[in-house]
Amino acid sequence: NRMPQRADWRGMHGDQAQFMTRATFERIGGFPELPLMEDVALSRALDREGKLVRLLPRVVTSSRRYSERGSLRQALLNRWNLFRYVYLGATAEEIARTYRSSREEGQ
């Protein structure tokens, strides 16, 4: 299937490259100033604005956290943090305090 697919905001995050028109970006209030989960907040705002679509081209992002923590552990941590943020009401600041890589810990 080569056609764009309808997507759910819960599965569309910054590491998947989000695109929109400038007018849409301005209408939703721009990029949220959060230490973490800003991509989730942006996805939620875009979903309220209109239809989200997943395109087939791939993007490449850093795998540093997956390499450091292991793929399964990092994937589970990402899902847990998303669950905490969306359903348990954890703030982006609370999650950011526990979501540090070795690169960030040295700062």
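Analyst: Helices are DSSP runs of H or I with at least four residues, and strands are runs of E with at least two, numbered from the N terminus. In this model, which is predicted, the chain has 6 helices and 2 strands. Read from the N terminus, the order of the elements is β-α-α-β-α-α-α-α.

User: How do you know that the length of helix α2 agrees with its number of residues?

Analyst: The expected span is 1.5 Å times one less than the number of residues. For the 12 residues of α2 this gives 16 Å, and the end C-alpha atoms are 16 Å apart, so the two values agree.

User: Which residues of α2 are buried, and what covers them?

Analyst: The buried residues of α2 are Asp39, Val40, Ala41, Leu42, Ser43, Ala45 and Leu46. Their cover includes α1 (22-27) and α4. Over the whole chain of 107 residues, 30% count as buried.

User: Why is Asn81 called buried?

Analyst: Buried requires a relative accessible area under 20%. Asn81 has 2% relative accessibility, and therefore counts as buried. This residue is found in helix α4. Apart from neighbours within four places in sequence, Asn81 is in contact with Met37, Ile95, Thr98 and Tyr99.

User: What makes a set of residues a nonpolar core, and which residues form the largest one?

Analyst: The members must be buried residues of the nonpolar kinds, such as Ala, Val or Leu, joined through side-chain atoms within 4.5 Å. The largest such core has 12 residues: Leu36, Met37, Val40, Ala41, Leu82, Tyr85, Val86, Ala90, Ala92, Ile95, Ala96 and Tyr99. Two or more of its residues come from each of α2 (38-49), α4 (71-87) and α5 (92-98). A second, separate core of 5 residues includes Ile28, Ala45, Leu46 and Leu52.

User: Which residues does Ala92 touch, leaving aside its neighbours within four places in sequence?

Analyst: Ala92 is in contact with Leu34, Pro35, Leu36, Met37 and Tyr85.

User: Why is the pair of Trp80 and Phe83 called stacked?

Analyst: Two rings pair if their centres lie within 6.5 Å, and planes under 30 degrees apart count as stacked. By this rule there are 2 aromatic pairs. The centres of Trp80 and Phe83 are 6.1 Å apart and their planes stand at 20°, so the pair is stacked. Both residues lie in helix α4, 3 residues apart, which is about one turn of the helix.

User: Why are Trp80 and Phe83 called partly exposed?

Analyst: Partly exposed lies between the limits of under 20% for buried and over 50% for exposed. Trp80 is at 46% relative accessibility and therefore counts as partly exposed. Phe83, at 37%, counts as partly exposed too.

User: What makes the pair of Phe83 and Tyr87 tilted?

Analyst: Planes under 30 degrees apart are stacked, those over 60 are edge-to-face, and the rest are tilted. The rings of Phe83 and Tyr87 have planes at 40° and centres 5.3 Å apart, so this pair is tilted. Phe83 and Tyr87 are both in helix α4, 4 residues apart, about one turn of the helix.

Note on methods: Residues numbered from 1 in each chain as written. Predicted model: local features only at pLDDT ≥ 70, side-chain atom pairs only at ≥ 80, totals over all residues. Heavy atoms only, no water. Buried < 20%, exposed > 50% of the residue type's maximum accessible area, 1.4 Å probe, protein only. Contact = heavy atoms within 4.5 Å. Phe/Tyr/Trp six-rings, centres within 6.5 Å; stacked < 30°, edge-to-face > 60°.
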